[in-house]
Amino acid sequence: MRTALLVLALLMMTSPAFASEESTSTGAHAGFQLGLNIANANTTPNRATDPRVGLMFGGNIEVPVFWVLFVQPEIMYVQKGASSSVLGADSTLKLDYMAFPLLAKLKFGDTEWSPLLLAGPDLAFKINSEVDTRIGNRVSTSFTTDAEPIDFAVDFGMGTEYWFTPRLAGVIQVRYSLGLTNVLNLAGTTWRSTGVQ
């Protein structure tokens, strides 16, 4: 996990220089992202779960295609998982990933303020998986768990963008991530991650 975070930090530190050079010639822009992932799960058979609120952060590059269409590849560290209670035992499944969304983005308006829509596939590689279990008032105990190394999802959402200067913008987005992969190897059970981000 430390190696993955170091690589992400190095990529993020190089983004501003890339953005300055490319934005003048091709219209591409690089940026940083930071937010929350209110993660949960779709399970079969249906199980009552509570969300795990995790962090997500990383960087992106926005590349214009034509008119209002842009392509936005991203690299993100994302915390997923969920909690459940069974017979007095509280368990939280913690799944951490390096995710690589590839999003199509539609931006409307030609002023400094633009609403936007986005959607696309999201391929994530597991860097950590564990279960924290607490029984009654006992101290929580952590166990490693066997989870699939890859999680594939579809992300879609909306937001707004405001340009403070020709080179500096702020973007607020709300996304929903719908997991398509059964990430747990449990007989007779499927677990697909979801998240409001």
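**Close-up 1. Strand β9 and its enclosed setting.** In this predicted model, strand β9 covers residues 190-196, and five of its seven residues are buried, so the strand is largely enclosed by the rest of the structure. Buried here stands for under 20% relative accessible area.

**Close-up 2. The pairing of β9 with β1.** Here we meet one of the partners of β9: strand β1, residues 29-44, which pairs with β9 in the antiparallel sense over seven bridges. A handy place to start is Thr-43, whose bridge partner in β9 is Trp-191.

**Close-up 3. The pairing of β9 with β8.** Strand β8, made of residues 168-179, also pairs with β9 in the antiparallel sense, over three bridges. To find your bearings, pick out Tyr-176, which stands opposite Val-196 in β9.

**Close-up 4. The second largest pocket.** The second largest pocket holds about 270 Å³ of space. Which of its 14 lining residues are the closest to its centre? They are Arg-47, Ser-84, Val-131, Leu-184 and Trp-191. Strands β3 (69-86) and β4 (89-107) each supply at least two residues of the lining. The largest share, four residues, comes from β3.

**Close-up 5. A nonpolar patch on the surface.** Now for the outside: Phe-100, Leu-123, Phe-125, Ile-150, Phe-152, Val-154, Phe-156 and Leu-180 form a nonpolar surface patch, together presenting about 630 Å² of accessible area. The elements giving two or more residues to this patch are β5 (113-135) and β7 (150-165). With four residues, β7 provides the largest share. Is Ile-150 partly exposed or buried? Its relative accessibility is 38%, so Ile-150 counts as partly exposed, a class that sits between the 20% and 50% cut-offs.

Close-up 6. Our last stop is Met-158, another residue found in strand β7. Met-158 has a relative accessible area of 53% and is therefore exposed, since exposed calls for over 50%. Look for Arg-175 in this view too: Met-158 and Arg-175 are 17 residues apart along the chain, and their C-alpha atoms are separated by 6.6 Å.

Definitions and conventions
Residues numbered from 1 in each chain as written. Predicted model: local features only at pLDDT ≥ 70, side-chain atom pairs only at ≥ 80, totals over all residues. Heavy atoms only, no water. Buried < 20%, exposed > 50% of the residue type's maximum accessible area, 1.4 Å probe, protein only. Pairing = 2+ DSSP bridges. Patch = residues over 30% accessible without salt bridge, like charges linked within 9 Å, V, L, I, M, F, W, Y side chains within 5 Å. Areas by Shrake-Rupley, 256 points an atom, 1.4 Å probe, with all protein chains shown as cover. Salt bridge = Lys/Arg side-chain N within 4 Å of Asp/Glu carboxyl O. 1 Å grid on protein atoms, 1.4 Å probe; cavity = no way out; pocket = protein on both sides within 12 Å on 5 of 7 lines; lining within 4 Å. Points joined across faces, edges and corners; volume = space filled by probe spheres on them.
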